[in-house]
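Here's a quick walk through a protein model, written for someone who would rather look than compute. Have a look at the fold first, then read on.

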Amino acid sequence: MASPKQLGEVLFDKMQLDPKAKKTKTGQYATGEDVLAKLANQHKICNDILSFRELTKLKNTYVDALPELINSKTGRVHTSYAQAVAVTGRLSSTSPNLQNIPVRTERGKEIRKAFIPRDENHVLVSADYSQIELRIVAAISADENMCAAFKTGKDIHTATAAKVFNVEEADVTKEMRYKAKSVNFGIIYGQGAFGLAENLGISRTEAKEIIDNYKKQFPNIQKYMDETINFAKETGYVETLMGRKRWLKDITSANFTVRGFAERNAINSPIQGTAADMIKLAMIKIHHAFKARQFKSKMLLQVHDELVFDVLKEELELVKPVILECMQNALSLPNDVPANAEIGEGENWLVAH
DNA sequence: TCTCTCACG
DNA sequence: ACGTACGTGAGAGAC
C-alpha cells in the first residue's frame, strides 16, 4: 500500500508513464514527490498518491507517534537535543524530533496547533532570525550590493531580483522575486544551473543566464565561494566565523562527483555553521538574562533559526525585548550587517510563529 | 539493517 | 558522458 518499489513498477513498467523514468542508485524507480508532481498531468492517480503520501506521513509520524511519547510525570513531550551529531554544528533533535513539526500544508498546520502553553496564564512565544544565512553570506563575503540591501532593511529577494533582472525594485514581479529567492537559496548550497533549472522548471540556458547575471551583480559572493574552496583544498578544512572547523577529506578527490560534494560542503558549512554558532550564543545570553531578571518564563525549543518560549502572560512585554536583544546581538557580523529577529505570541505554536 | 521517502530549517 | 542544493530524524517496506 505504501511501497515505493511496487509503485514504481506499476507506474513505469505496467503503465509506461515515463519511458525515461529515473532510477535510484539501487536500480529501483524513483517515485519521490518531484517525480510524481511532474507526472500529474499525465495521469490523475499521481495526485491521489501524493495526497495519500501526505496524509499517511502526518498520521504515522506525528498524529499517532507523538502521544506515545508523552512523559507520564509531566504530561508533556520532551525532546532530546544532540550537540555533537550534525557536522555543521547545528543541534539535532530526537524522541521526538521537534525540529520537523509540520507547518507548510493546511493539515500540517493542524498538528502544529497542538503545541500549546502550559496553562491559561502562559502564552507561546516564537522568535526567529530573518534570512540569517543570507546575512552571513553577505557579511563574510563582504559583497557590497548584498550588504547594502541588508543594511537598508530591504526585502532581500526583491532586491536580488531587481539586480539580476535589471529592473527597478518597484517593477519586480512575483515571478521574478520567486526566481531570485530560489537563486539566493541555491547560492547557500552551491547549486548550479542544472539544479536551478530543475527547481524552477525553466531551461538550463535560462538558469545559466540568471546565475551568470547574479555573479556579475554580486561579484564578491562568487569570490567568497572560490576562495573558500581553495582554502579547503590547501588546509583540508573550512571554519565558521567563530573558528569551528569541519574537515573535508574529499576536497582533493580525483572523483568529480565526490569532490563536488566536498566543494558544496565547503561553501555551505561556514554559513550554516555560523548561524548555528550565533543561535547557541543567543541561547546562552537568554538563559543568563532570564536568570538575572528572575523571569519565570521558560525557553522550550530551538529549531535552527527559531527559539520557542513558554511565557508567563504578565512577563510578556518584558520578556520579548530581552529575547530580541539577545538574539540580535549574540554575534556581531563583519561589514556591519545586522542580524534581525522577529517575534510573535499566541495560544499555540502555529499562531506564535 | 538498509533504502526510500518526506517532515523541518 | 557524468552528476548535479546543504543539514537533520523517523516510519514503512524490502531483504
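You'll find Tyr214 in helix H10; helices here are DSSP runs of H or I with at least four residues, strands are E runs of at least two, and both are numbered from the N terminus. Setting aside neighbours within four places in sequence, Tyr214 is in contact with Met146, Thr160, Val164, Val183, Asn184, Ile187 and Ile221 (contact means heavy atoms within 4.5 Å). Take Asn184 from that list: it is 30 residues from Tyr214 along the chain, with 9.2 Å between the two C-alpha atoms.

Ile211 also belongs to helix H10, which covers residues 204–217. With 13% relative accessibility, Ile211 is buried too. Not counting residues up to four places away, Ile211 touches Gly192, Ala193 and Leu196. Its C-alpha atom is 9.7 Å from that of Ala180, a residue 31 places away along the chain.

## Where the model comes from

This is a predicted model, so local features need pLDDT of at least 70 and side-chain atom pairs count only at pLDDT 80 or more, while totals for chains, interfaces and linings use all residues. Residues are numbered from 1 along each chain as its sequence is written, chains are lettered from A and ligands numbered from 1 in the order in which they are written, and side-chain values use heavy atoms, with hydrogens and water left out.

## The sheet and its helices

Four strands make an open antiparallel sheet, in the order S6-S7-S3-S8 (two strands pair if DSSP finds at least two bridges between them). The edges are S6 (298–302) and S8 (341–346), each pairing on one side only. On average, neighbouring strands of this sheet are turned by 20° against each other, direction ignored. Within the sheet, S3 (residues 122–129) and S7 (residues 306–312) pair in the antiparallel sense over 7 bridges, and Ala127 sits opposite Leu307 in S7.

Helix H12 (residues 256–292) packs on the sheet, touching S3, S6 and S7, and its direction makes about 15° with that of S7. Helix H13 (residues 316–328) lies across S3, S7 and S8, running at about 155° to S8. For these angles, axes are lines fitted to C-alpha atoms, for helices over the stretch in contact, and values run from 0 to 180 degrees between N-to-C directions.

What does the side chain of Ser297 reach at 3.0 Å? That would be the backbone nitrogen of Leu312. The Ser297 side chain also makes a polar contact with the side chain of Glu315, at 2.6 Å (a pair of N or O atoms within 3.5 Å; within protein, one must be able to donate a hydrogen and the other to accept it, and residues adjacent in sequence count only if both atoms are side-chain atoms).

Ser297 sits in the loop between H12 and S6, and at 3% relative accessibility it counts as buried. Beyond four places in sequence, the residues touching Ser297 include Phe290, Asp310, Val311 and Val319.

## The whole chain

Chain A has 14 helices and 8 strands. Buried residues make up 43% of its 353 residues. Its C-alpha trace spans about 65 × 50 × 45 Å along the principal axes. Among contacts between residues at least 6 apart in sequence, 59% join residues at least 24 apart.

Definitions and conventions
Buried means under 20% relative accessible area, exposed over 50%, partly exposed in between (1.4 Å probe, protein chains only).
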